[in-house]
Amino acid sequence: MLRLIIVRLLAAVPVLFVVSLVSFGLTLLVPGDIASEMAGPTATAADVARVRAELGLNQPPLERMVQWYGGVLRGNLGRSILLNQSVGQAVLERLPVTLSLTLMGLGIACLIGIPAGLLAAAKARRWPDQVTMAGAMLGLSLPDFWLGLLLIYVFGVLLHWLPTGGFVAPGTDLLGWLRSIALPAASLALTQLGPIARMTRSAALEVASSDFIRTARAKGLAEPRVYARHVLAGSMVPILTVVGIGFGLSLGGALVVEQVFSLPGVGRLVIGAVLRRDWPVIQGGLLLTTCIFVLVNLVVDLLYLWVDPRLRENA
Amino acid sequence: MRLFARRNFLIGAILVGLVLAAALLAGWIAPFDPVKNNFRNRLGAPDDIYLLGTDRFGRDVLSRILHGAQVSLRIGLAVAVLSGVMGGIIGLVCGWWRGIDAWLMRVMDGLMAFPGLLLAIALAATLGPSESTVMIALTVAYTPRTARVMRGAVLVARAQDYVEAARSVGVRTARLLWRHVVPACTAPLVVQQTYVFAIAILAEAVLSFVGVGPPPPQPTLGAIIADGRDNMVEAPWIALSPGVVIAMLVLGLNLLGDGLRDALDPRMRRIMR
Amino acid sequence: MLRRRSFTAGLTAAASLPLPAIAQSVGQQGRKGGDVIVAMTAAPPTIDAMATTAQAARNISMHMYESLYTRDEGANPQPELAEGVDIAADGMTYTFKLRGGVKFHNGKPMTSGDAKASMERYAKLGGSKDALKAVAAFETPNASTLVLKMGSIFPGLIEAISSPRAPFVIVPEEECGKPLGQIGNIGTGPFQFAEYKPDSHIKMTRYDGYAANKAFDKRDGYTGKKTPYFDSVTIRIITEGGARTAGLQTGELHVLETLDVAAAKRLKDDKGIKTYTMMPWAFLTLMMNNNWGLTANPAIRKAIQAALEVEEIAAIASDGLYRLDPAWQYPGTNYFPGDAGLDAYVKQNQAKAKAALQAAGYNGEELQVICDSSIKWHLDTGTVAAEQLRAAGFKVKLNVMDWPTVNAARVKPEGWNLWPLAMGIEPYEGPYNVVGFFAGSAPVQIKPDPVIEDSNKKLATQLKLDDRKAAVKAFQDRLYDQAIAVKVCDIGVIQATRANVMNYAPYRTQRMWDCWFA
């Protein structure tokens, strides 16, 4: 197990290097710079040039690159020009928003998707199956940001049940946090529900036809119980796989949903940095986001081992 | 199972066919010029002249959706084909020549570790928004996934007895790949690219929504939603209807993909993951 | 020898922006308490007040900081941290007497040392630092006096340093050595900094040690006798227009920087909401590159002007909240050059445009319109103008890019022809940054124009108001005569509050002093 972790972490190093090269390349190619953003919309060319000099943006790219890599090796991702804050701090501050949104969305998707998938498998090819699968397919095909707009309209504007945007930290107000994150998480969940329900169904169908389930049935266990315990347990590995992939996708989706609901998460940080040329954030933010992706994938892989001991020997 | 698969395929084909036909015929069936402004008829509700209402510029939403679907389909198709070709080649190379595999797949992993959308947004912002920029950005973002699928398929094909046999009798590599390996991998590749097609259409909508899609007044489905989002309450028809079209299209493509997958080879699921 | 004179009396006789009548509810008593939540539309690039001309930064900084001089309700310069100014008869010495008893948020009394250091920092990195170009030295004869020794005459000094464009704020001397964007958030304003969560919100709390200006009896523009009532002001950054409107309706938000015009129409009968129209708010313009390609030719520029139906652009870009106004200063202000005879220029005339195009030997070359997608006014103007120009027979390429790309492109001498721009704060300030935008080392139209250069110089050096007005008139005539740029219209905005926000009055930014919850 430890070996696996070490191997995977080492393998991540070249990945991160590629990522950093790509993000550095981006900042070199991008036309325009942050000085014009900083100076404001009607600043003259001279004003912008002055701000640029003031911010030390006139260094040649190679010099900047050497400096930046030097910093990264010492664990310093640089400093955001717009936020007057270190990039590491900026990302870590926003990470809880994005992560809680992602986890909440994925959690809802699992809570609904797995039972729905089991139900569909139990009633395979009858109407509950077809209805759930059609619903799952539809959810998977909806644009999540569009769903977000729709939810704001229905639950925020028409019904006044939930806030239409903004984030409340769970530390200040737990209920407020739940309310602030409910709609964005729901729009994420609806799009992630589909794959989870579908995978649960097909895995459950496979398991349900296996010998040990037949044995369980022969012992006289009631059908719902068979599904809830044995079939589910047997289907865990493929479900986990799809949840693991879903985590990556949700994280991607969260980045966009944050825009719609004005949540101060990593997505808004990085997209905002791209649109305003805050290059330390683009580079550092992308690098750190990638690290998180790599780590999440590792955790998911470790979970497999935990769920399915048979795989351990191969590791 | 086959019947169900065929029904999926059929529904998918109908949905995609409908949108495709409407989009292709946009030039003839669209009642108005999609970029013609009319400030005296702004945010007009649907009526018998403007079936889906008008937007902030007084432009006919239905005509914009028809033309926008064309653009979205064009982008989706281009991304599916381009990433299919690039990913296909990369996957073939990686699957066959194991020495290159370690290196090239690392790069692909690097690209894949980026959230695809974020990468596409960054790229599109960098290259300057245009239709081809969006195509390039999404191709770069989704090629690694295709390469991975293709590589898996090549590995499976490579282990087949007849390929082994052909190798041992000294068939030239190029011929071997072209005659035996590529055909065996086409099915999973086509299925995967159907999904990429669907994902690309969703992703285009996101790019347009964030503001790095094809520039206005060019309608795309995502851009129409973005145009209407500030007036969700006063003029919900602007943002709602293109979303429905996207959903139809993506649902149709996903169903097509599933149908194809089940019809071509039920065992393919293992590779597709 | 110094001759005392009241600045406002001497320089700006009866300037008044045609602002909506402000109901200064007399007899109503303010009530302390509450956290008011304001929504603004964009994130500030920095909250270092001096450094940026961005509106989002002003929304915040005008609560926390104050300047020697600022603007009143009619946009006239008025003292704020200064009691007044003595201007020497030769215009070469400005002596500011500072108000006593003013303390920074950290408890330190404000002195002339702070004012001097702040001005010197501004001269280094301020957003309108050209205003201090003519100043040779800052002197502090005593703790409550700041003297500006001029190197050359500049009668616009007080107008310039009183502008909130990138405000000339006074901060503690200790902060003045800090680089751009890294300053501590300490001022003398009615609210003090509490926390800033980028992309989410900024929170300020009431400064109970605030020393109100006793020279006034009520709030007046950015100056006057200001009283903070709310316990705190939270300014949230909400980029989605729909979410802002929804938040106001549900009461999650109390004050909106702008309310979408269509939404305002829908909500006009909503008893829970009060709306305030600000007209004029900004110039909507189309800048032209007089140096490159088609637009280097004045005949083509005139054809462009004739091809545009400004009312359509205005109606779409402003959502119907506009005023057709060809002048390059607002009617009713000091420097208003008049608009007689300009009607003909702004009337659309497609036939004339086509004829002019033919006469100019138009060969089908593409007009390059550059336009950003972040500001709706710009995007809509670019989109509609491009369509109209196509209809008149031009080949047009509309290049929509993000803001930094556009801004990098539009300063280039080549590669673009038309660039839509809404100028908000500059016309409010007066003529200096409007004329200045077309003059100097990097004029917006790229090719310097001798007449405008002359106007700009006269504006900066003529001691008599009438001479400066003549310079503005010459500038405007030249713009039309040579079709250097297109003025589309004046656009307005709608500010909105919940009905329980009492005594609110709209202004350039949301002023959260002197209003309270019912």
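Predicted model: local features only at pLDDT ≥ 70, side-chain atom pairs only at ≥ 80, totals over all residues.
The mean pLDDT of chain A is 80, and 96% of its residues reach 70 or more. Among the elements of this chain, helix H5 (residues 87-122) of chain A has the highest mean pLDDT, at 88, while helix H9 (residues 211-218) of chain A has the lowest, at 74.

Chain B is built from helices: eleven of them, with zero strands. Read from the N terminus, its elements therefore follow the order α-α-α-α-α-α-α-α-α-α-α. The C-alpha trace of chain B spans about 75 × 45 × 30 Å along its principal axes. Of the 273 residues in chain B, 60% count as buried. Contacts that reach across the sequence are well represented here: among the contacts in chain B with a separation of 6 or more, 72% involve residues 24 or more positions apart.

H6(A) has 14 residues and reaches 20 Å from its first C-alpha to its last, close to the 20 Å expected at 1.5 Å a residue. Its buried residues are Asp129(A), Thr132(A), Met133(A), Ala136(A), Met137(A), Gly139(A) and Leu140(A). Viewed down the axis of H6(A), these buried residues fall within an arc of 160 degrees, so they line one face of the helix. The partners of the buried residues of H6(A) come from two chains: H5 and helix H8 (174-208) of chain A, together with helix H10 (236-264) of chain B.

Helix H8 of chain A also holds Thr191(A). This residue is buried, because 24 other C-beta atoms lie within 10 Å, where 20 or more are required. Leaving aside residues up to four places away in sequence, Thr191(A) touches Gly139(A) and Leu140(A), along with Leu142(A), Asp144(A), Leu147(A) and Gly253(A). Gly139(A) and Leu140(A) are also among the buried residues of H6(A). Thr191(A) and Gly105(A), although 86 residues apart in sequence, are 9.3 Å apart in space, C-alpha to C-alpha.

Chain C brings strands into the picture. Strand E6 (residues 93-98) of chain C has a covered face made of Tyr94(C), Phe96(C) and Leu98(C), and an uncovered face made of Thr93(C), Thr95(C) and Lys97(C). E6(C) pairs with strand E5 (residues 82-88) of chain C in the antiparallel sense, over five bridges. In this pairing, Asp86(C) stands opposite Thr95(C). E5(C) and E6(C) form a hairpin with four residues between them, and Gly91(C) in the turn has a positive phi of about 75 degrees. E6(C) is also joined by five bridges to strand E8 (residues 145-150) of chain C, and these two strands run antiparallel. Here Tyr94(C), from the covered face of E6(C), has Leu148(C) in E8(C) as its bridge partner.

Finally, chain C meets chain A. In this interface, 39 residues of chain C are in contact with 41 residues of chain A. On the side of chain C, the elements that give two or more residues are helix H5 (241-250) and helix H12 (403-410) of chain C. H5(C) supplies the largest share, six residues. By class, this side of chain C has 17 nonpolar, 15 polar and seven charged residues.

Key:
Residues numbered from 1 in each chain as written. Chains lettered and ligands numbered in written order. Contact = placed C-beta atoms within 7 Å. Nonpolar A, V, L, I, M, F, W, Y, C, P; charged D, E, K, R; others polar. pLDDT = per-residue confidence, 0-100. Buried ≥ 20, exposed ≤ 12 C-beta atoms within 10 Å, placed from the backbone. Expected span 1.5 Å × (residues − 1). Arc of directions from axis to C-beta. Pairing = 2+ DSSP bridges.
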